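Look over the sequence and the model first.

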Amino acid sequence: MAILRTKARKAPGYDLITGKVLHELPRKAVTLLTILYNSMLRLSYYPLLWKFAQIVMVPKPGKPIHSASSYRPISLLPTLSKIFEKLLLQRLRSAVDLSALLPEYQFGFRPGHSTVHQTHRIINEIAKSLEEKRLCSAVFLDVSQAFDKVWHTGLLYKLKTMLPSPYYQILKSYLHSRFFQVKFNTSFSTCHEVLSGVPQGSVLGPLLYLFFTADLPTTDHTTIATFADDTGLIATHSDPLIASQHLQAHLDLLHEWFDTWRISINQAKSSHVTFTTTRAVCPRVTINNVQIPVRTTVKYLGLHLDQRLTWSTHLKSKRLHLDLKLRSMYWLLGRKSQLSLANKLLLYKCALKPIWTYGIQLWGCAKPSHTQIIQRLQSKILRSITGAPWYVSNLTLHTDLRIPFVTEEIRRLYHLYHSRLAQHPNNLITDLASPPLMVRRLLRRWPTDLLRDPMAD
C-alpha cells in the first residue's frame, strides 16, 4: 500500500529509482523488499546507501547566477528509504502516544493543526488585551537554520528518554553516518558527512525536530506559540514595564535553553511589537544581551499583524501580491486571451483566489473599508476574464459566474472553520471555539463575531 501511494513522478534520489518503477515491481520483488524492511527493524540497522542525499541547486528567479545565495538547495533521498520512513512512522504512532510527548502549543507538522489555528491563538490574546486596555508585548523569534543545526548528540539523548529502545536504536542508525553530494547542472561535488541537522526532504525529519524542541521552557505569565521553528511569545499587562519584565524573564529562560542545546537565534530578524490602541510602548527586551528590533508590524505565519490589529497592512500586502501575480498571468486571463471562460475561471480559483483567502477566518473581521480592497480587485479580475463592458454590474458578473462576493466567502469559510474546532483533540484549539468572555470596549469586530454577525460587511 505504501508503494501504491508513492507519487509516480516524484523526483528520485541518486539511484534514479522512481515511484513509477516501484509501481511496476512484480509481487516477488515486493515480498523481498518487505523482508528487507523487516530485517532493518529486527537488526536496528539503516543501510548506508539509503542515507546518501543528493543536493540539487535550483536557481531563484531574478537572482545573480554567480552568488551561492541565489540558489535553493533541494535534498533528494532514495525513494525506497522514504517508503521505509513512512512505514516506521506508522509503527511509531501506533506504539507511542506522540501527542503526549509533544507540547500542546506546538502546531507544526501535526495532523489537524494549521498556521491559522496558531495565529488565531495569538490574535485572541491580542484582542483580549486591547479590549481590557492592557498592553500586549510580543516577541517573534527567528531561529537560524533550525533544521540544519540540530545537535545529534542532544537529539539522541532526548530520543532515548522518550521512545522505546527498538525505535531509539533504529533512529540512532538512521542519523549516524549520513552523507551528501551537491549536483549543479552536470557537475558533482565530493561527498561530505552530515554532522548535524535532521535529514532534509525526509519523512521523519520534521518529527525529529519536534522531539528536539519539545521541552522549550514556559512561564505562567506568558503565552508561547510555536509552529515548527516559528516561535512567538506574548505577555500582557496594564503596566508596560511589567509586561516587558515578564517577557524578558521568559526570553532569559529560552536563551539558556538555546545555549544548552546549541541553537542560535538571529536577533536582527526577530521582532518585538507592542500591540496597543494607545501611544504607549513597552520597554525593549533582549536575548543574549542583544536588543531585539522594535517594529510596528510583524509577519507571523504568513499574516501581517499591525499594532492595532486592523489588518490594513495585511490586506494592502495581499493586494500588491495579487497585482504582481495578475500582471504575470494577464496573457492568460486578459481580454485578448484565447482560453475558454471555464479555464480562465479555473486559473483564478487555483492560482489567485488562494492568495487572498488564506487566513480569511481571521482577517475577515476587518472593517469594510479594508475588505473592500480585495473585493474591488476580484471584480476587476472577473471583468477582465469575461471582457464585460462597463455597463455590466459587478452583481451580474458574480451571479452569472457563480463567484461569491468576498463578504460571502468570509461567512462561509469561517463557519466551516469554526465547526471543526470543538471536536479537535488539542485543548488549545478547542478553546478557540468558545473563548472566554471579555469586556467589549472598542467598536471593533473579532473573528468570533463572524459567527453571529449576519452581515460580514
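**Salt bridges, a helix and cysteines**

E132 is partly exposed, at 33% relative accessibility. Buried here means under 20% relative accessible area, exposed means over 50%, and partly exposed lies in between (1.4 Å probe, protein chains only). This is a predicted model: local features need pLDDT of at least 70, side-chain atom pairs count only at pLDDT 80 or more, and totals for chains, interfaces and linings use all residues. Residues are numbered from 1 along each chain as its sequence is written, and side-chain values use heavy atoms, with hydrogens and water left out.

**Salt bridges**

- The structure holds 7 salt bridges; each is a side-chain nitrogen of Lys or Arg within 4 Å of a carboxyl oxygen of Asp or Glu.
- E132 pairs with R134, and their closest N and O atoms are 3.7 Å apart.
- R134 is partly exposed too, with a relative accessible area of 28%.
- A network of salt bridges links E131, R440 and D449.

**Pairs that share E409**

- K353 forms a salt bridge with E409, at 2.9 Å from N to O.
- K353 lies in helix α12 (residues 341–357) and E409 in helix α16 (residues 406–419), so this pair ties together parts that are 56 residues apart in sequence.
- Helices are DSSP runs (H or I, at least four residues), numbered from the N terminus.
- Both partners, K353 and E409, are buried; the relative accessible area of E409 is 3%.
- R412 also meets E409 in a salt bridge, at 3.0 Å from N to O.
- R412 and E409 both sit in helix α16, 3 residues apart, or about one turn of the helix.
- An α-helix has 3.6 residues a turn, so residues three or four places apart point the same way.
- R412 is partly exposed, at 46% relative accessibility.

**Helix α5**

- Helix α5 covers residues 115–131, and its end C-alpha atoms are 24 Å apart.
- Of the 17 residues of α5, 15 are buried, so the helix is largely enclosed by the rest of the structure.
- Just after α5, K133 takes a positive phi of about 60°.

**Cysteines**

- The count of disulfides is 0, where a disulfide is a pair of cysteine sulfur atoms within 2.5 Å.
- C191 is partly exposed, with a relative accessible area of 46%.
- C350 is exposed, with a relative accessible area of 56%.

Key:
Helices (H or I, at least four residues) and strands (E, at least two) are DSSP runs, numbered from the N terminus. The expected span of a helix is 1.5 Å times one less than its number of residues.
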